[in-house]
Amino acid sequence: AIVTFSDDNSRVRAELPTGESVEVLLHGATVISWKDAAGDEKLWLSEAAKLDGSKAVRGGIPVVFPVFGTAPDHEQTKTLPQHGFARTSRWEFLGKSTSEDSSSLSSPSVKLDFGLSSAAAGLDPLARERWPFAFNLIYSVTLTRDSLNTGIVVTNDGEKPFDCQVLLHTYLRVKDISSVTIEGLASTPYTDKVASTTNQTHPDPLTITAETDRVYTPSSLSAAVTVSESGVPKFRVTRDNLTDVVVWNPWTNKAAGMADFEPKDGFRQMLCVEPGSVSSWQVLEQGDAFEGAQTITLV
Ligand code: TA6
């Protein structure tokens, strides 16, 4: 794999010998591009996304930590901005590892590691001020010919226990949302943040015909979510130690209300499927670690 850095060192790009590539912005360790060997982009990135570090990236895969959304009743995180500070901090590139020896030439892979800690210079100043815990994050992005895996390891390096939530806020690119069907969430209880209801269920497939903002908690960690277009499976999303899946599409009005969401009808080309641990709090004692990952496979 070839790993290159942008001139301003704001991003890292890795390309497999077979042509697949991934690009990661050090701001937020945000994956901003994932292309297959033909150069087809698999993630959606707003044309108005800020890539200069001035705000969270609108698109790609923002990393949500230590809180999903806002938690006004949660003592430790109630003053944090929506979705926490990991996505608005500057992470360090820790290195790459590739597997291209003869045995794996047919299945090359490259792993890029990124780090963020409470002591890091790039930590969002809000975090130090409002979330005074000693922590370390390692975020790994692994590209193979037909998949992208992103995973996070959170460790508590201090004496004080802390609660945290983690979510991988993935914007999948689709041709047209009206021909998308989603399987794998049937009969899974979900919280509907648009209808303000809980414990709803529905049969497969799920279609997206209006603003959709739901937190599903599948009974099995191994339940895959499959996104199809015109009945043809495109993405299969699997989780590792992440209990929840958020499905989000802002639709017309919410897209119109986001200054960094362009084009305004871009909601027709995106679907957020966001594996996370958000329906409860992970409590990390001193020295504890929490690990969670997603694998998106091109079907
Ligand atoms: O993941 C769904 C969600 O929580 C929505 O409620 C919406 O707020 C979305 O995240 C985007 O949030 P952001 O802070 O990136 O604008």
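Colleague: How many aromatic pairs does the count come to?

Modeller: Bear in mind that this is a predicted model. Rings of Phe, Tyr and Trp pair if their centres lie within 6.5 Å. By this rule, the count is 17 aromatic pairs.

Colleague: Take Y190 and Y216: is the pair stacked, edge-to-face or tilted?

Modeller: The ring centres of Y190 and Y216 are 4.8 Å apart. Planes under 30 degrees apart would count as stacked and over 60 as edge-to-face. The planes of this pair stand at 35 degrees, so the pair is tilted.

Colleague: And how many residues apart in sequence are the parts that the pair ties together?

Modeller: Y190 sits in strand β13 (residues 190–192), and Y216 belongs to strand β15 (residues 212–216). Both Y190 and Y216 are buried, by the way. Given those two strands, the pair ties together parts that are 26 residues apart in sequence, so your number is 26 residues.

Colleague: Which residue lies over the face of F133?

Modeller: F133 belongs to a cluster linked by ring pairs, along with F65, F85, W131, F135 and F162. The residue over its face is 4.8 Å from the ring centre, and that's K160.

Colleague: Now the open sheet of 4 strands: which strands stand at the edges?

Modeller: The order is β1-β2-β3-β4, with antiparallel pairing. An edge strand here has a single partner, so one side of it is left without a neighbour in the sheet. That describes β1 (2–5) and β4 (30–35).

Key: Residues numbered from 1 in each chain as written. Predicted model: local features only at pLDDT ≥ 70, side-chain atom pairs only at ≥ 80, totals over all residues. Heavy atoms only, no water. Phe/Tyr/Trp six-rings, centres within 6.5 Å; stacked < 30°, edge-to-face > 60°. Buried < 20%, exposed > 50% of the residue type's maximum accessible area, 1.4 Å probe, protein only. Lys NZ or Arg CZ within 6 Å of the ring centre and 35° of its normal. Pairing = 2+ DSSP bridges.
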